[in-house]
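Please read this note with the model open beside it.

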Amino acid sequence: MDVIRVYPAKPAHVYLYATCLVDLFDPQAGLDAIGLLERQGLAVTVVTGQTCCGQPAYSAGYNDEARAVAQSQMALFPEPWPVVVLSGSCGGMMHHHYRRLFAGDAAVAAFCERVFEFTEFLVQVCRAKLDDKGEPRQVTMHTSCAARREMKVHVTASQLLGQLAQVELVEHGYQEECCGFGGTFAVRHPQISQAMVEDKTRHIVNSGAPELVSADWGCLLNINGALEYQGERLQGRHLASFLLERVGGGHG
């Protein structure tokens with residue numbers, strides 16, 4: 001089901017949905033995302049009760065369990081503010097698949113309309129203009145399948161990097177290919193997942209870029225783990241942290 005995105009005017013207040021992976025593995029990325037949003041003049045609320053969006057249960061076919069998780073999460077965001085999500089994967093679940101889980105429910109559809117992926121929100125709603133204060137640098141970027149094919153926000157991530165005058169975005173080979181994570185896919189089909197991430201990391205390393213960024217921590221978890229196992233020094237980080245550092249607000 002394709003949903004035509006109608007972007008609202010820039011609000012005064014937003015919720016940040018940090019995702020469980022950011023919370024567990026890189027909370028600094030969540031803090032950096034808050035910093036970037038606040039630089040756009042927004043008040044940011046992070047609800048402490050947020051957990052999983054329900055995607056693992058949904059992708060494994062447990063729709064009743066996924067509905068229970070979705071209901072618990074939607075209840076945490078009662079104000080009519082945008083919900084900015086730090087992952088195209090979780091954003092796709094909340095913007096698209098909640099509609100499928102609750103077909104015909106107008107209240108759920110209204111919630112889904114309030115869900116925006118982070119880079120999408122900065123570009124399309126905030127009309128963010130980033131002033132690069134860093135030294136010249138090359139970087140390559142991995143975009144998750146959900147961000148690219150479901151949310152179609154790979155363009156906005158690239159646009160944000162394109163605003164940084166001293167940053168050169170180096171495309172690696174087979175840019176559109178999956179990293180092999182796919183949530184439960186990596187658990188159910190580990191050999192296939194391993195072959196896919198080995199392909200992905202080879203192309204990333206061969207790009208020659210000294211830095212890797214992504215707006216999805218699920219992919220980064222998979223890619224970084226593979227790079228470490230291979231003995232590579234390169235480790236990716238969340239795009240929010242990279243952008244905040246470049247505009248002079250990073251933690252170093």
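Predicted model: local features only at pLDDT ≥ 70, side-chain atom pairs only at ≥ 80, totals over all residues.

1. The chain holds 13 helices and eight strands. Its radius of gyration is 18 Å, close to the 18 Å from the globule rule for 252 residues, so the chain is as compact as a globular protein of that length. The C-alpha trace spans about 50 × 45 × 30 Å along its principal axes.

2. Of the 252 residues, 51% count as buried. Take the contacts between residues at least 6 apart in sequence: 78% of them join residues at least 24 apart.

3. Helix 5, length and bend. Helix 5 covers residues 88-101, which makes 14 residues. At 1.5 Å a residue it should span 20 Å, and the end C-alpha atoms are 18 Å apart, which agrees. Where does helix 5 bend? A kink of about 35° is centred on His95. As for cover, 13 of the 14 residues of helix 5 are buried.

4. Start of helix 5. Ser87 sits in the loop between strand 3 and helix 5. A side-chain oxygen of Ser87 comes to within 3.1 Å of the backbone nitrogen of Ser89, at the start of the helix. Is Ser87 buried or exposed? Its relative accessible area is 6%, under the 20% cut-off, so Ser87 counts as buried. Setting aside residues up to four places away in sequence, Ser87 touches Thr19, Glu117, Ala215 and Asp216.

5. Val14 in strand 1. Val14 belongs to strand 1. Its relative accessibility is 0%, so Val14 counts as buried. Which residues does Val14 contact, beyond its neighbours within four places in sequence? They are Leu37, Leu42, Ala43, Val44, Thr45, Trp81, Pro82, Val84 and Phe121. For a distance check, Val14 and Gly218 are 204 residues apart in sequence and 23 Å apart in space, C-alpha to C-alpha.

6. Aromatic pairs, Tyr15 with Phe77. A search of the whole structure gives eight aromatic pairs. One of them is Tyr15 with Phe77, an edge-to-face pair at 4.9 Å centre to centre and 75° between the planes. Why does this pair tie together parts that are 62 residues apart in sequence? Tyr15 lies in strand 1 (residues 13-17), and Phe77 lies in the loop between helix 4 (63-74) and strand 3 (83-85), so the pair links those two parts. Tyr15 counts as buried at 3% relative accessibility. Phe77 is buried too, with a relative accessible area of 1%.

7. Aromatic pairs, Tyr17 with Phe77. Phe77 also pairs with Tyr17. This pair is tilted, at 5.9 Å centre to centre and 55° between the planes. Tyr17 lies in strand 1 and Phe77 in the loop between helix 4 and strand 3, so here the parts tied together are 60 residues apart in sequence. Both Tyr17 and Phe77 are buried.

8. The ring cluster. Which residues form one aromatic cluster? Tyr15, Tyr17, Phe77, Trp81, Tyr98 and Phe111 do. Trp81 is also among the contacts of Val14.

How values were computed:
Residues numbered from 1 in each chain as written. Heavy atoms only, no water. Helix = DSSP H or I, 4+ residues; strand = E, 2+ residues; numbered from the N terminus. Expected span 1.5 Å × (residues − 1). Bend = angle between axes of the 7 residues up to and from the residue. Buried < 20%, exposed > 50% of the residue type's maximum accessible area, 1.4 Å probe, protein only. Polar contact = N/O pair within 3.5 Å; in protein donor to acceptor, adjacent residues only side chain to side chain. Phe/Tyr/Trp six-rings, centres within 6.5 Å; stacked < 30°, edge-to-face > 60°. Rg over C-alpha atoms; globule rule 2.2 N^0.38 Å. Contact = heavy atoms within 4.5 Å.
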